[in-house]
Amino acid sequence: MKIRVATRGSKLSLIQTEELLAQIKAVEPDVQFEIVVVKTTGDLIQDKPLFQIGVKGIFEKEVNLAVLRGEADMAVHSLKDLPSELTPGLVLAGFSKRAPPHDVLISRGGYTLETLPKGAVVGTSSVRRAEFLKAVRPDIEVKPLRGNVDTRVGKVLSGQYDAAVMAAAGLQRLYGSSPPVSIVPLRVEEVPPPPGQGIVVAVAKEEDSWLIDLLKKASDKTAAIEATAERAFLAGVGAGCHVAIGGVAKLTPQGSLEFTAGYAAGGAKYVVKVFGEDPVEVGKRAAQLIAEVRQKFKQRD
């Protein structure tokens, strides 16, 4: 059996793809894979922040089209890159084990958010990260920073930025235990991560029941539950990458969920926690609380 797998061509994307394919191999040793590399709009446009490009699913659309066109059987993505609604005809079917979902502060000097010098230049092109940073440290300067993980790390190492905010998952998958920069975790209460961060997923045609069944067997159950809650939250808030909203679920050893969500704007931030058993219900409740907060912010302004 051979499965054609569409993915982006960056080093990190290929590492993530191999991670998910290894999970599939563990349950179906005889399966073979063919990698189909797809260039996306997000890969091609590197000189603008993501929210300025104006394309929904900027890292996802072209990769999924390869599946719909019959050029691949499944597509692999970082879950955080997927919009709340998939293209009709496609389903989310496979989930990797989750890498740490939180963001981190990288620097050459071992800075924390508290020890960054006044006026320090911190790189990120994420509106979410920028707004939460400003709410915690209004005295620093946030500047756009695009590119793959190696590129962004290189710009910090070269001194173009004093620090940058990035996903812990990407750095861990790319560098393992030997990163070339100092990495300081940011608590999810400080900078709530985007829904899905740390999880690699597979998308397939809804008609390919054999493949969907295989992907479900290979999926990590904890990641699937947390992803369900975060996708419900994402659909509920209905906000794109131009709004500073984050949300992350954590499955406890007892089987319940703890959901941390936040919104930031105008130098202020608000963070909520929701607890419950049903992932969809927990995600929806967190979304409702954030929607109420956004409305209060609008009324205040």
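Which elements do the buried residues of helix 7 pack against?

## Helix 7 and its surroundings

In this predicted model, the buried residues of helix 7 pack against helix 1, strand 5 (103-107), helix 6 (149-157), strand 8 (163-167), strand 9 (182-185) and strand 10 (200-205). Helix 7 spans residues 168-175, and seven of its eight residues are buried, so it is largely enclosed by the rest of the structure. Those buried residues are Ala168, Ala169, Gly170, Leu171, Arg173, Leu174 and Tyr175. Just after helix 7 comes Gly176, with a positive phi of about 60°.

## Helix 1

Buried residues in helix 1 are Leu12, Ser13, Gln16, Thr17, Leu20, Leu21, Gln23 and Ile24. An α-helix has 3.6 residues a turn, so residues three or four places apart point the same way.

Three strands form an open, antiparallel sheet in the order 11-12-13. Strand 11 (245-251) and strand 13 are the edges, each pairing on one side only. From one strand to the next, the twist averages 15°. Helix 9 (residues 221-237) packs on the sheet and touches strand 11 and strand 12. The direction of helix 9 makes about 150° with that of strand 11. Helix 5 (residues 127-136) lies across strand 11, strand 12 and strand 13, at about 80° to strand 12.

## The hairpin

Strand 12 (residues 257-265) and strand 13 (residues 268-276) pair in the antiparallel sense over nine bridges. Together they form a hairpin with two residues between them. Gly266, in the turn, has a positive phi of about 60°. Across the pair, Tyr263 stands opposite Tyr270, and Leu257 faces Gly276.

Methods
Residues numbered from 1 in each chain as written. Predicted model: local features only at pLDDT ≥ 70, side-chain atom pairs only at ≥ 80, totals over all residues. Heavy atoms only, no water. Pairing = 2+ DSSP bridges. Helix = DSSP H or I, 4+ residues; strand = E, 2+ residues; numbered from the N terminus. Buried < 20%, exposed > 50% of the residue type's maximum accessible area, 1.4 Å probe, protein only. Contact = heavy atoms within 4.5 Å. Axes fitted to C-alpha atoms, helices over the stretch in contact; angles between N-to-C directions.
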